[in-house]
Amino acid sequence: MSRKLRNRFLLIGGVTLIALYLLFGPFQFRDASGRITAQAIAANFTPSRLKKNLSENIKLGLDLRGGSHLILQVQTDDAVRSITAGNLEKARSILQQAGIKFTNITSPALGRIEVDLEDSAQIEDAKARITLDFGPGWTARNEGKRLIFEMKDEEMRDVRERATEQAMRIIEQRINAFGVAEPTIARHGPATGYQILLQLPGVDDPERVKNLIRAESRLELKLVHSGPYPSEEAARQAVGGTVPPDKEILPARERRRDPAAPPVQYYVVEKTPVITGDDLRNAQAVPSQAGGTVYEILFSLRPSGAERFYTATSANIGKNLAIILNNEIKSAPVIRDAIRDEGRIEGDFTKEEAEDLALTLRSGALPARVTYLEERTVGPSLGADSIRQGFAASIAGLAAITIFMLFYYRLSGVNAVIGLVLNLILLLAAMKIVGAVLTLPGIAGVALTIGMAVDANVLIFERIREELRNGKVPASAVALGFERAFTTIFDTNLTTIIAALFLFVFGTGPIRGFAVTLTAGLIANFFTAIFVSRAIFSWVLERQGGRPEALSI
């Protein structure tokens with residue numbers, strides 16, 4: 001064998017071994033005592049071990065593995081409403097601090113705030129102060145004594161877009177923390193639909209995931225003014241019948257582990273929280289200090305929040321502090337000492353409830369509610385059927401092609417079959433390298449790749465046959481056959497890869513999986529059809545003395 005040909009086969013062998021290792025590795029050559037033994041080496045190559053490694057290296061998509069498919073819509077009106085409400089309070093505070101009297105301040109519509117002043121002479125002063133705070137995203141005009149502020153259309157679009165992107169990030173954090181392997185989280189539908197596609201392979205409890213996604217996690221710690229009271233009316237009477245603007249009445253639900261406690265009690269609390277969930281550094285579920293199977297959430301604070309917390313608790317020792325979750329008081333312990341950076345949320349939580357709540361607290365609150373537009377669940381049995389049928393179809397196709405190539409191209413057909421098998425190995429190894437997930441459309445991509453690999457071989461073989469009919473010797477016919485088929489194969493593969501690239505860029509989920517599979521298969525096809533097949537032909541010709549008179553094709 002010539003040096004050039006030997007180098008080619010070394011390269012082919014090296015690429016093949018690496019691909020096989022990627023598919024069936026990793027291997028362990030040492031036993032439990034750390035020694036390299038024949039038994040430890042042999043254990044790597046049992047059918048069950050190879051099958052297990054292969055299943056771990058080639059990840060299956062939702063349609064093959066089973067799981068949940070959800071389409072969510074972010075209610076972006078909530079985000080606009082929240083900003084409008086916040087600005088309304090800002091405007092009220094600005095006017096009060098500036099001593100500008102007003103009779104009414106309302107928000108009659110999304111992104112619109114109206115302020116009725118007592119003195120029209122203060123209109124421009126009020127407009128300037130509030131506009132400076134609202135920023136360039138709002139317009140301001142006046143009608144008599146009424147000031148009208150409206151959010152600009154482009155600002156409203158930005159708010160909705162930011163809310164959707166933020167919701168995606170938070171959902172991704174929650175799903176990742178939940179432990180779902182390789183979820184698909186992407187924008188879906190038209191840009192103004194504010195929809196999110198969520199695919200969760202292997203999830204057998206989609207309802208828990210849905211609850212986790214839509215769970216609110218608004219944590220606030222507020223100083224208690226007075227309470228508890230047996231009813232909301234009693235709490236209102238305790239502050240003179242009208243709740244002051246800087247205070248509010250919140251319910252405190254009974255903890256289920258205390259059957260003697262009334263079902264609901266009410267506290268009057270300060271409206272401004274000492275700290276909020278934004279100040280959290282970490283939150284985790286821990287067993288309750290009271291023992292039993294009850295869990296609590298232990299949280300720690302960032303330095304800025306811890307400092308405020310320390311200042312507030314230092315100044316209010318002996319008073320109650322309400323720990324409020326989603327506008328409901330979970331506990332209102334007495335402040336015994338100044339607290340700096342840690343606290344507990346007590347409640348009758350199960351372990352699962354406490355873990356989910358800690359997770360939502362860590363990921364932060366959603367900027368807006370989400371609703372579910374579509375939900376589909378693919379059972380594992382259906383996915384197993386798809387795998388079995390897809391595998392059977394691929395084997396049947398490969399077998400039919402093998403028989404045809406051997407019948408029609410005789411011994412040269414063996415060359416094509418070797419190329420096809422190597423093509424499949426390289427394709428799967430490439431999927432492992434890029435972390436692609438095999439989906440049902442991906443299997444279609446594999447079948448299409450097999451077809452294009454056969455097409456490339458047919459092109460080359462027919463060119464060789466044509467040169468042989470024109471009187472060329474086999475060595476010259478093989479060289480001319482590969483040379484003249486090269487451009488056609490290159491163009492075909494390149495144009496298909498370009499089309500697959502567009503599918504990957506603009507597609508989602510399974511479509512992108514199809515594009516990845518097809519692209520990897522075409523690159524592998526180019527290597528096997530041109531490089532590997534040519535090396536095998538060269539080896540056959542060399543074995544026959546370099547100038548054979550006939551070629552089995």
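In which crossing, left-handed or right-handed, does α14 pass α15? Read on to the third view for the reply. This is a predicted model, in which local features need pLDDT of at least 70 and side-chain atom pairs count only at pLDDT 80 or more, while totals for chains, interfaces and linings use all residues. Residues are numbered from 1 along each chain as its sequence is written, and side-chain values use heavy atoms, with hydrogens and water left out.

**View 1. The whole chain, for orientation.** The chain holds 16 helices and 19 strands (DSSP runs numbered from the N terminus: helices are H or I with at least four residues, strands are E with at least two). Its radius of gyration is 35 Å, well over the 24 Å that the globule rule gives for 553 residues, so the chain is more spread out than a compact globule. That radius is taken over C-alpha atoms, and the rule is 2.2 Å times the number of residues to the power 0.38. Along the principal axes, the C-alpha atoms fill a box of roughly 110 × 65 × 40 Å. Buried residues make up 42% of the 553 (buried means under 20% relative accessible area, exposed over 50%, partly exposed in between, with a 1.4 Å probe and protein chains only). Of the contacts with a separation of 6 or more, 68% join residues 24 or more positions apart; contact means heavy atoms within 4.5 Å.

**View 2. Helix α13 against helix α14.** Here α13 (residues 411–434) and α14 (residues 440–469) pack at an angle of about 145°, with their axes 10 Å apart. Axes are lines fitted to C-alpha atoms, for helices over the stretch in contact, and angles run from 0 to 180 degrees between N-to-C directions. α13 passes α14 in a right-handed crossing (right-handed if the near helix is turned clockwise from the far one by less than a right angle, left-handed if anticlockwise). From α13, the contact residues include Leu420, Leu424 and Leu427, and from α14 they include Ile450, Val454 and Phe461. By class, this contact has 9 nonpolar, 4 polar and no charged residues (Ala, Val, Leu, Ile, Met, Phe, Trp, Tyr, Cys and Pro count as nonpolar; Asp, Glu, Lys and Arg as charged; the others, Gly among them, as polar).

**View 3. Helix α14 against helix α15.** And here is the reply: α14 passes α15 in a right-handed crossing. α14 and α15 (residues 474–506) pack at an angle of about 150°, with their axes 8 Å apart. Their contact brings together 13 nonpolar, 5 polar and 3 charged residues.

**View 4. Asn415 and its surroundings.** Asn415 sits in helix α13 and, at 4% relative accessibility, counts as buried. Leaving aside neighbours within four places in sequence, Asn415 is in contact with Ser533, Ile536 and Phe537. Thr528 is 113 residues from Asn415 along the chain, with 10.0 Å between their C-alpha atoms.

**View 5. Thr496 in helix α15.** Thr496 belongs to α15 and counts as buried at 18% relative accessibility. Not counting residues up to four places away in sequence, Thr496 touches Met452, Leu518 and Leu522. The C-alpha atoms of Thr496 and Thr519, 23 residues apart along the chain, are separated by 8.0 Å.

**View 6. Pro108 in strand β3.** Pro108 lies in β3 (residues 102–109), and its 52% relative accessibility makes it count as exposed. Between Pro108 and Phe526 there are 65 Å in space, C-alpha to C-alpha, and the two are 418 residues apart in sequence.
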